[in-house]
Amino acid sequence: MQERMGNPALVLPAAMQALAALAKVPAETGLSPKLLELVNLRASQINGCSVCIDGHPRIAKKLGETDERLFAVSAWRDTPYFSDAERAALALTEAVTRVSDRADPVPDDIWDEATRHYDGRSLAALVIAIANINVWNRLNIATRQIAGAWKP
């Protein structure tokens, strides 16, 4: 496969600046960088973004994440490797990423479980992180960016 064009965020530097600034917000609120990489990976798996599926585990590994947990992200419900808070974040990631899959895209039970583990500020940051990775996934997929070209 060949990319259709350069990533739009690289073609339009103002877009890159805005997305980069948005990406900093969740970590600045105190959310774990490792958690954010799990969220990035799970959304990217759902969306089929090969660039992010290739790149975000690399970032997570640099942060000290284990292969065991990275390999299990797509099956997080059925493995013992994740905390309740991480499970709540992954469930929210799936719901927010799959907004067209059901009439109530983010059901109360998923939202309520997230509020048990994250305060208002952290939850806002988590939603921002999920939205941001979905933007990147869509930019990469639409323009057929090549996995492996981005080496974080």
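## Basis

This is a predicted model, in which local features need pLDDT of at least 70 and side-chain atom pairs count only at pLDDT 80 or more, while totals for chains, interfaces and linings use all residues. Residues are numbered from 1 along each chain as its sequence is written, and side-chain values use heavy atoms, with hydrogens and water left out.

## Fold

The chain has 8 helices and 0 strands (DSSP runs, H or I of at least four residues for helices and E of at least two for strands, numbered from the N terminus). Its radius of gyration is 15 Å, close to the 15 Å from the globule rule for 152 residues, so the chain is as compact as a globular protein of that length (taken over C-alpha atoms; the rule is 2.2 Å times the number of residues to the power 0.38).

The C-alpha atoms fill a box of roughly 40 × 30 × 30 Å along the principal axes.

## Surface

The accessible surface of the chain is about 8000 Å², and carbon and sulfur atoms hold 57% of it (Shrake-Rupley method, 1.4 Å probe). Of the 152 residues, 39% count as buried (under 20% relative accessible area, 1.4 Å probe, protein chains only).

## Cysteines

The structure holds 0 disulfides (pairs of cysteine sulfur atoms within 2.5 Å). The sulfur of Cys49 has its closest cysteine sulfur in Cys52, 3.7 Å away, which is too far for a bond. Cys49 is buried at 1% relative accessibility, and Cys52 is buried at 3%.

Technical notes: Buried < 20%, exposed > 50% of the residue type's maximum accessible area, 1.4 Å probe, protein only.
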